[in-house]
Amino acid sequence: ALTDLIVNGALDRHPGLRIGWFEGGIAWIPPALQAATHLAASYRHMYNYELKHDPQYYWDAHMSASFMLDPLGLAMIDKIGMDKVYWSSDYPHNESTFGYSEKSLAAVVEAVGPQNAARICSENIKGFLGI
């Protein structure tokens with residue numbers, strides 16, 4: 001889906017479009033961007049649209065994602081972008097962090113430090129939502 005959004009030109013036609021990938025974690029993002037870069041280069045002659053930018057640009061300009069507990073994703077935060085991710089608890093759903101939210105939040109602080117954790121756990125989503 002990420003590659004499709006990039007190579008079909010939708011993000012160039014709609015430069016203000018923001019896409020939030022929620023409930024899927026963040027560890028998938030670097031490999032997906034790597035694959036999108038490969039596919040965009042390999043199949044560029046087959047697309048009806050010539051990309052104006054590389055896939056990383058489209059991620060940085062248009063997309064972000066949430067996670068609940070994702071140590072692998074946090075280890076790759078430099079590839080994803082500190083401002084492109086949001087911590088969530090998904091309460092009251094069964095698959096939420098209910099009962100271990102403090103440990104989940106502590107893992108974010110441990111991975112990125114307190115100031116960046118505050119961005120991930122609060123400020124980033126406010127920016128995405130425009131509040």
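Q: Which residues does asparagine 124 touch, not counting residues up to four places away in sequence?
A: A word on the model first: it is predicted, so local features need pLDDT of at least 70 and side-chain atom pairs count only at pLDDT 80 or more, while totals for chains, interfaces and linings use all residues. Residues are numbered from 1 along each chain as its sequence is written, and side-chain values use heavy atoms, with hydrogens and water left out. Contact means heavy atoms within 4.5 Å. By that test, asparagine 124 touches Met82, Asp83, Lys84, Val85, Tyr86 and Arg119.

Q: Is asparagine 124 buried or exposed?
A: Buried means under 20% relative accessible area, exposed over 50%, and partly exposed in between (1.4 Å probe, protein chains only). Asparagine 124 has 9% relative accessibility, so it counts as buried.

Q: How many charged residues are there in the contact of α7 with α8?
A: Leu105, Val108, Val109 and Val112 in α7 meet Pro114, Asn116, Ala117, Ile120 and Cys121 in α8. Ala, Val, Leu, Ile, Met, Phe, Trp, Tyr, Cys and Pro count as nonpolar, Asp, Glu, Lys and Arg as charged, and the others, Gly among them, as polar. The contact has eight nonpolar residues, one polar residue and, as for charged ones, none.

Q: Which residues of helix α4 are buried?
A: Helices here are DSSP runs (H or I, at least four residues), as strands are (E, at least two), numbered from the N terminus. What covers the buried residues of α4 includes α1 (2-7) and β2 (63-67). In α4 (residues 55-62), the buried residues are Pro55, Tyr58, Trp59 and His62.
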